[in-house]
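Thanks for sending this one over. Here is my note, written so that you can read it with the model open beside you.

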Amino acid sequence: MAAAEGSGAGGSLFPGLADVSISQDIPVEGEITVPVGSHSPDEDYSTLDEPVKDTIMRDLKAVGKKFVHVMYPRKSSALLRDWDLWGPLVLCVSLALMLQGGSADSKDDGGPQFAEVFVIIWFGAVVITLNSKLLGGTISFFQSLCVLGYCVMPLTVAMLVCRLVLLAGAGTVSFIIRLIVVGAMFAWSTLASTAFLADSQPPNRKALVVYPIFLFYFVISWMILTFTPQ
Amino acid sequence: MATADELKFQANPDATTISIDEPVEIPKNQHSHRQEPGREEDDELLGTDDSDKTELLAGQKKSAPFWTFDYYQTFFDVDTYQVLDRIKGSVFPVPGKNFVRLYIRSNPDLYGPFWICATLVFTIAVSGNLSNFFIHLGKPTYRYVPEFRKVSIAATTIYAYAWLVPLALWGFLMWRNSKVMNIVSYSFLEIVCVYGYSLFIYIPTAILWIIPQKVVRWVLVVFSLCVSGSVLVMTFWPAVRDDNRRIAVATVATVLLLHALLAVGCLAYFFDAPELDIPAPIIPAHNGTTVITKSH
C-alpha cells in the first residue's frame, strides 16, 4: 500500500519510474569507488622532481604562446585563462630601457626617465583595469593587467624599429617612417587589447572602457615617437 | 441623548476650506512655491518639480559601506550615452537649465571627471610640445626636447584644480547653508561632476592652441571661458542666490576667476609665445608688446 502510494506520488515527479516499485525488504549492496586524486598532470611530487629545464621551458612556452596570440589577435581565451605577468614585465623593462639615452640637456627637459615609463605603464594598466571593473566588467584584475601588458608588444617592436631608423639619420624622411611605424603599431595594440577585453564588458558601456585603453597606448606611442637621441 | 441637530455636522465658520487643486502652503524648503513673479522662471533652474524624486533616489543609492568595492561601483553607474549627454550639456549650455538638475539628477559619476582630466593633462602636454616645436622649427640653434617633466606638472595642476576647488566650494556652501537656509544644495560629488564636465571644452581648445597666433589663442581662451563659465554660473547661482547679495556675487566671481586663472595659466606655462618673425632686427618692440605677424 505504502509502496503503491509512494510510486503513485513518485509517478508525478518521475514519470519514467512510475512502473518501478522496490520492495523495502531487499537490501541494496554493492561497491562504490570514487577515484581519489586529481587529473592534473602536475601532481606535487612530479613537478618537484622534474628537471629545472622543464619548469623553465613550460613557463617560457606559455609566455611565447601569448606573444603569438598578440601578434595574431583572435578571440581565444588562452590569453585570459592562464595569465602571467612575465611578458608584461619583460616588455615594460625593455621599452623603458630603450627610451633611455634620449636628449637630456642640463635643463632636464628631456624624455621620460626609466621610472616614469615604468610608472606610466603599470599605473596606467592598473587604473584602466580598475575602471573596467568599476564599470561592471567581468574580467579579473590580473587577467586584464596581463592583456594590457602583452599588448604593449607591438609598441616595443616599434621602439626597436625607431631606434634602428634613428641610427641611419634624424631627418624628415626618418620622421615620416617612424610616424607610420608607430601609428600602425599603436592601432595594432589598441585593436588587439580591445579584441580581448571588450567582450567582458556590458554592451552599453563598451566605448567607456575602450577609450582609456586608446588613451593609454596613445601616450606610450607619443613617448616613442618623440624619442630623440643625444 | 444628543439631539439630531447637535450630531449633525456644522461647518465651522472660522475654518478655511482648502481645495485639493490649490498648491498647499507647507513651510518646508523643497515644496514651497513662492508666488513672487521673479521666481517662476527659476523653477526650471531649481528643478523643484522633480526634487521629490531626486531625494528618494538619493536615499536608495550608496547603501554599501565605504570600504567595499560596491560602494565605488555606484559612482560608475553610467552608460555611454549618459556620459555623451553630459559632455554635450557642458559644451552647449542651455540658458536657464541647471546642469546638475538636468543631466546629473542625483547620479553623479566619477568616470567623466577622472577621464576628462586625464585627457586634458595629456592634451595640454602634447599640444604644448607640438606648438613649441612648430614655433621654433626654423631656428638653427633649436633642438627638439620632449619636455616630459611638464606632464607631471600638468597632472598635478589639473587634478588639484578638479578636486580641491570643488572641496573648498562645497565646504563654503555647507557653511553658508548653516547660516542661511538655501533651497538648493549640492553634494560634494555633484560639484566634482560639474567641474569635471565643465573642463571638457578645454580639450579642443588646447588642441587649437597649437596655432601660433596670439589673437587666435586669446579668442579661444575667452570663448571656452564663456562656455564653461556659464555652466558653472548657472549651476551655482541658485545655490547662493538667497544669501547676502555681496557674498553671492563674490562666490560666483571667485569661481569664474579661478576658472580663468586655470586657462590663462595653462596657456602661459605650456605654450611658448609666438615669437617675432622679422627678417631685420631694426623694428623696435613697443613697451615689450610683441608684434603679431603671420606665421609661415
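The points below go from the overall fold to the core, the charged pairs, the annotated spans and the confidence.

1. **What kind of model this is.** Please keep in mind throughout that this is a predicted model. For chain A the mean pLDDT is 81, with 80% of the residues reaching 70 or more. The stretch to treat with care is residues 1-11 of chain A, where the pLDDT is below 50. Beyond near neighbours in sequence, that stretch makes three contacts in the model.

2. **Chain A, overall.** Of its 230 residues, 40% are buried. Its accessible surface is about 13,400 Å², and carbon and sulfur atoms account for 69% of that. Sequence separation is worth a look too: taking contacts between residues at least 6 apart, 75% join residues at least 24 apart.

3. **Chain B, overall.** Chain B is built from twelve helices and zero strands. Here 40% of the 296 residues are buried. The accessible surface comes to about 17,000 Å², with 66% belonging to carbon and sulfur atoms. Among contacts with a separation of 6 or more, 78% are between residues 24 or more positions apart.

4. **The nonpolar core.** Which residues have the most contacts inside the largest nonpolar core? They are Y217(A), I220(A), Y195(B) and L199(B), in a core of 107 residues. Helix α10 of chain A, residues 206-225, gives the most to this core, with eleven residues.

5. **A salt bridge within chain A.** Over all chains the structure holds six salt bridges. In one of them, the side chains of K66(A) and D84(A) meet at 2.8 Å, N to O. K66(A) sits in helix α3 (residues 52-71), while D84(A) is in the loop between α4 (78-81) and α5 (86-98) of chain A. The two residues are 18 apart and link distant parts of the chain. Buried or exposed, what is K66(A)? K66(A) counts as buried because its relative accessible area is 4%, under the 20% cut-off. D84(A) is buried as well, at 12%.

6. **A salt bridge between the chains.** D79(B) and R205(A) meet through their side chains at 3.0 Å, N to O. This pair crosses between chains: D79(B) lies in the loop between α4 (69-73) and α5 (80-91) of chain B, and R205(A) in the loop between α9 (172-197) and α10 of chain A. D79(B) is buried, with a relative accessible area of 14%, and R205(A) is buried at 11%. Do look at D77(B) while you are there, as R205(A), D77(B) and D79(B) are linked in a network of salt bridges.

7. **A salt bridge within chain B.** The side chains of D109(B) and R86(B) form a salt bridge at 2.6 Å, N to O. D109(B) is in the loop between α6 (99-104) and α7 (111-135) of chain B and R86(B) is in helix α5, so the pair ties together parts that are 23 residues apart in sequence. D109(B) is buried, with a relative accessible area of 2%, and R86(B) is buried with a value of 2%.

8. An unreviewed UniProt entry places the feature "transmembrane region" at residues 110-131, 151-175, 187-212, 218-240 and 247-271 of chain B. How much of the span 187-212 of chain B is helix? The model gives 69% helix and 0% strand there, with the end C-alpha atoms 41 Å apart. Residues 218-240 of chain B are 100% helix and 0% strand, and their end C-alpha atoms lie 30 Å apart. I would set these two spans side by side on your screen.

Notes:
Residues are numbered from 1 along each chain as its sequence is written. Chains are lettered from A and ligands numbered from 1 in the order in which they are written. Side-chain values use heavy atoms; hydrogens and water are left out. Buried means under 20% relative accessible area, exposed over 50%, partly exposed in between (1.4 Å probe, protein chains only). Contact means heavy atoms within 4.5 Å. Accessible areas come from the Shrake-Rupley method with a 1.4 Å probe; for residues, only the protein chains shown count as cover. Helices (H or I, at least four residues) and strands (E, at least two) are DSSP runs, numbered from the N terminus. A nonpolar core is a set of buried Ala, Val, Leu, Ile, Met, Phe, Trp, Tyr and Cys residues joined through side-chain atoms within 4.5 Å. A salt bridge is a side-chain nitrogen of Lys or Arg within 4 Å of a carboxyl oxygen of Asp or Glu. pLDDT is the predictor's confidence in each residue, from 0 to 100. UniProt positions are given in the numbering used here, feature names are shortened, and annotations may be inferred rather than shown by experiment.
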